[in-house]
Amino acid sequence: MIKQTAGRDQLGDFAPKFAQLNDDVLFGEVWNRGALSPKLRSMLTVTVLVSKGLFDASFQHHLLNAQKNGVTKTEMAELLTHLAFYAGWPNAWAAFRAAAGVYKGDPAPCGGMFGLGEPNTAYAQYFVGRSYLKPLTDPAKTLPVSNVTFEPGCRNNWHIHHAAKGGGQILLCTDGRGWYQEWGQAARPLGPGEVVYIPAGVKHWHGAAKDSWFSHVAFEGPGEGCTTEWLEPVDGEEYGRLD
């Protein structure tokens, strides 16, 4: 859920109705409509602002918002290059100068052989950092199988896959470097070709190394009464000590 307070913060006293429309209607309702993803809305918004030559603080905000919504450095560069032929070369140069600052030092993402997918917004509350999800099967027809990609430093919370019978999870690592850890055990480094079997009832977490993107294919073992219990985040200091 996208929430905005800029209107009330900056114009709440001078123009309270405008502030309310900006925060509650534009960002509270329009940006959260499900017909378009936040990523696509960010790309459309950047396109309109560049076309109008609007490069004030709001443009910087929307670039940061685009990055947060999963628009990669490569995608932003391609978008602005495309716009240069329609919005004008000077506008493109101005946009590139702003975008280069926002994306400075941002490593190129990689979703492995299956691709990056979309921002994993449905489970974002259970992750530290940004993750991406690309479903590979139709859960209505067979087992749900998805490619999960973690940006550098991203990891999910401790969690447990419960099952009355069977269950558990299998991870097939496809790209980058990451970690897997079970409660009370040392963290295990992961790389392409590694396979992790997680029995039902085991408290664990998995995610990327702090300086590398990481992707794995995840699927749940067939079972009865399968649920996932999400727990506390991984301790930041302990994660930071992983080499």
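**View 1. Asp23 and Arg8 form a salt bridge, with their closest N and O atoms 3.5 Å apart.** A salt bridge here is a side-chain nitrogen of Lys or Arg within 4 Å of a carboxyl oxygen of Asp or Glu. This is a predicted model, where local features need pLDDT of at least 70, side-chain atom pairs count only at pLDDT 80 or more, and totals for chains, interfaces and linings use all residues. Residues are numbered from 1 along each chain as its sequence is written, and side-chain values use heavy atoms, leaving out hydrogens and water. Asp23 is buried, at 2% relative accessible area, while Arg8 is partly exposed at 42% (buried means under 20% relative accessible area, exposed over 50%, partly exposed in between; 1.4 Å probe, protein chains only). Arg8, Asp23 and Asp24 are linked in a salt-bridge network.

**View 2. Arg130 meets Glu151 in a salt bridge, the closest N and O atoms being 2.9 Å apart.** Glu151 is buried, with 13% relative accessibility.

**View 3. Glu232 and Lys203 form a salt bridge, their closest N and O atoms 3.0 Å apart.** Here Glu232 is partly exposed, at 34% relative accessibility. The count by this rule comes to seven salt bridges.

**View 4. Welcome to the largest nonpolar core, with 17 residues.** Such a core is a set of buried Ala, Val, Leu, Ile, Met, Phe, Trp, Tyr and Cys residues joined through side-chain atoms within 4.5 Å. Among the residues with the most contacts inside this core are Val46, Phe59 and Tyr103. Beyond its neighbours within four places in sequence, Phe59 is in contact (heavy atoms within 4.5 Å) with residues including Leu49, Leu54 and Ala98.
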